[in-house]
Amino acid sequence: MTLTRWQRPNFWVSPLRRVTSLRDEVDNLFHLAFGRLADSNVENGSQSLEGWFPAVDVFEDKDSLLVKAELPGLKKEDIEISLHDGYLNLSGERKQEEKHEGTDVYRSERWVGRFHRSISLPCSVEADKIKATYNEGVLTVALPKAEEAKPKQIPISVK
Amino acid sequence: MNSVLQKEEKPVRPQPVDQERPFVSPNVNIVETAAAYVLEAEMPGVAKDGLEINLEDNVLTIAGRRQPEPTAKLLHRESNPVDYRRVFELDPSIETGKISAQIEQGVLTLTLPKAEKVQPRRITVN
């Protein structure tokens, strides 16, 4: 008899994931209700506890998922992307620029420091075919869906 | 006093129709060095050809239009998919003819040089 590694059946939804998606929904509601206010808190404001929280959009088409994150002014090598257990993790850092001698600062609204986002993916993807690009300050991650997650047309034969 | 880009946001100014599209203010950093003011504005999603920088008298307007979005179905949105726009009033000491701009990875950097006469100068005594 061979031992096979136990795999979570497809229909089993992690309870944690449900909590996360519920939280996301509440966040969305908050976002809708307070819109700009919430935005300005996130973007301009406190880098205190949560650090920086870049905006992430998720798109889906038939064959793939597309995750876009607004990360203005980073270096490509300061962005880390990983896939773990159905979550796409984006993290990185914008380093504080050196303050030059004899320079006065009038406004400092841009964020500095570390960020980390985990995005729960709605379906399984082909991990080794993920592609990421970074242009115009936007990180775009293209994740091709795994075969079993793609919609299938089943032909009906009539006899 | 040493007022830089003294005031901002003059929404009362009559704007051309095109600028009535919704917009957000980009986050900016402004620093002053001996020779110039340097303004950095975060405009992720804006390429060089989506930028519009206008100077009228001493009012500087920076605007950026985002690249078109993917046509795929949207599952989750956090970004605010509107244009960027922000207005600054420039200090008279800025030499407006020599303003230079560049955009890199969604960050617009404007260098606003000061006129020769206001730059600190060391005069050596013979």
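Me: How many residues does the contact take from chain B and from chain A?
Reply: This is a predicted model, where local features need pLDDT of at least 70, side-chain atom pairs count only at pLDDT 80 or more, and totals for chains, interfaces and linings use all residues. Residues are numbered from 1 along each chain as written, chains are lettered from A in the order written, and side-chain values use heavy atoms, without hydrogens or water. Contact means heavy atoms within 4.5 Å. The count for chain B is 39 residues, and for chain A it is 39 residues.

Me: Which residues in chain B lose the most area to chain A?
Reply: Chain B and chain A bury about 3200 Å² between them, 47% of it on carbon and sulfur atoms. Buried area here is the accessible area (1.4 Å probe) that two parts lose on being put together, summed over both. Together 21% of what chain B's side buries comes from His76(B), Glu78(B) and Gln105(B).

Me: What is the order of the strands in the open sheet?
Reply: Strands are DSSP runs (E, at least two residues), numbered from the N terminus, and two of them pair if DSSP finds at least two bridges between them. Strand 1 of chain A and strand 6 of chain B run antiparallel, joined by 3 bridges. At the edges are strand 7 (131-135) of chain A and strand 6 (73-76) of chain B, each pairing on one side only. The pairing is antiparallel, and the order of the 5 strands is 7(A)-8(A)-2(A)-1(A)-6(B).

Me: Which residue in strand 6 of chain B does Val58(A) stand opposite?
Reply: Strand 6 of chain B is joined to strand 1 of chain A by 3 bridges. Opposite Val58(A) stands His76(B).

Me: Which residues of the largest nonpolar core touch the most other members?
Reply: A nonpolar core is a set of buried (under 20% relative accessible area) Ala, Val, Leu, Ile, Met, Phe, Trp, Tyr and Cys residues joined through side-chain atoms within 4.5 Å. This one has 21 residues, and those touching the most other members are Val67(A), Leu71(A), Leu74(A), Leu90(A), Leu139(A) and Leu143(A).

Me: Where does pLDDT stay under 50 in chain A?
Reply: pLDDT is the predictor's confidence in each residue, from 0 to 100. Chain A averages 78, with 66% of the residues scoring at least 70. Where pLDDT is low, the predicted coordinates should not be read in detail. In chain A, pLDDT stays under 50 over residues 35-49.

Key:
Buried < 20%, exposed > 50% of the residue type's maximum accessible area, 1.4 Å probe, protein only. Helix = DSSP H or I, 4+ residues; strand = E, 2+ residues; numbered from the N terminus.
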